[in-house]
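Open the model in your viewer and keep the sequence panel beside it. The tour goes from one selection to the next and says what is there.

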Amino acid sequence: MQQRFTLEEASVSRYCVSTDGYMEEIMAEYPILRERLSAVYRLVRRGSVAVDVGTDHAYLPIALCLEGKIDCALASDINEGPVQVARNNVSRRTFKDKPLSDYIDVVCTDGLAGLENTDANRIFI
């Protein structure tokens, strides 16, 4: 019998499941967080509103949203290439039967420029 794992167990602690099909299922739903992003993930309190500056792939806001740790997020990057990758990663997923893009906006901007009016209480740089 195959054991199921939560995001905390599967990606934050980087527990690897040996069955290929199951690992693919986890990776399709949740991004695998590396050590630095895992440390940030563990520090976020439920109900946060986040801005992820220099988001690259938007892995952190995606993981936080899918686990219900944040209400919504803004993911930003200065380069259009990473912004497109982040948008694709967000658009492939759903949360509470809605597109994840209803919870995570991805924008191309330099740092926090233009984001002064956000309701964020957590900013990741």
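A residue is called buried when its relative accessible area is under 20%, exposed when that area is over 50%, and partly exposed in between. The model on screen is predicted.

**The whole chain**

The protein has 5 helices and 6 strands. Read from the N terminus, its elements follow the order α-α-α-β-α-β-α-β-β-β-β. Of the 125 residues, 41% count as buried. Among contacts between residues at least 6 apart in sequence, 59% join residues at least 24 apart.

**Helix H4**

Select residues 59-66, which form helix H4. How many of the residues of H4 are buried? The count is 7 of 8, and H4 is described as mostly covered. The buried ones are Leu60, Pro61, Ile62, Ala63, Leu64, Cys65 and Leu66. After H4 comes Gly68, which has a positive phi, near 75°.

**H3 against H4**

The crossing in which H3 passes H4 is right-handed.

Now show side chains at the meeting place. From H3, select Leu37, Val40 and Tyr41; from H4, select Tyr59, Leu60, Ala63 and Leu64, which they meet. Sorted by class, this contact has 7 nonpolar residues, no polar ones and no charged ones. As background for looking at any such helix, an α-helix has 3.6 residues a turn, so residues three or four places apart point the same way.

**Cysteines**

Is Cys65 buried or exposed? Cys65 counts as buried because its relative accessible area is 0%. Its closest cysteine sulfur is in Cys72, at 8.3 Å, which is too far for a bond because a disulfide needs the sulfur atoms within 2.5 Å. By this rule, the model has 0 disulfides. Select Cys108 as well: its relative accessibility is 36%, so Cys108 counts as partly exposed.

**Thr109**

Thr109 has a relative accessible area of 16%, and so it is buried. Which residues does Thr109 touch, leaving aside neighbours within four places in sequence? They are Ser76, Asp77, Ile78 and Leu115.

Most residues other than glycine have a negative phi.

Select Asp56, in the loop between strand S1 (48-53) and H4. Its phi is positive, near 60°. Asp56 is partly exposed because its relative accessibility is 39%.

Then select Asp97, in the loop between strand S3 (94-95) and strand S4 (98-99). Asp97 also has a positive phi, near 60°. At 80% relative accessibility, Asp97 counts as exposed, since that value is over the 50% cut-off.

Technical notes:
Residues are numbered from 1 along each chain as its sequence is written. This is a predicted model: local features need pLDDT of at least 70, side-chain atom pairs count only at pLDDT 80 or more; totals for chains, interfaces and linings use all residues. Side-chain values use heavy atoms; hydrogens and water are left out. Axes are lines fitted to C-alpha atoms, for helices over the stretch in contact, and angles run from 0 to 180 degrees between N-to-C directions. Helices (H or I, at least four residues) and strands (E, at least two) are DSSP runs, numbered from the N terminus. A crossing is left-handed if the near helix is turned anticlockwise from the far one by less than a right angle, and right-handed if clockwise. Contact means heavy atoms within 4.5 Å. Ala, Val, Leu, Ile, Met, Phe, Trp, Tyr, Cys and Pro count as nonpolar, Asp, Glu, Lys and Arg as charged, and the others, Gly among them, as polar. Buried means under 20% relative accessible area, exposed over 50%, partly exposed in between (1.4 Å probe, protein chains only).
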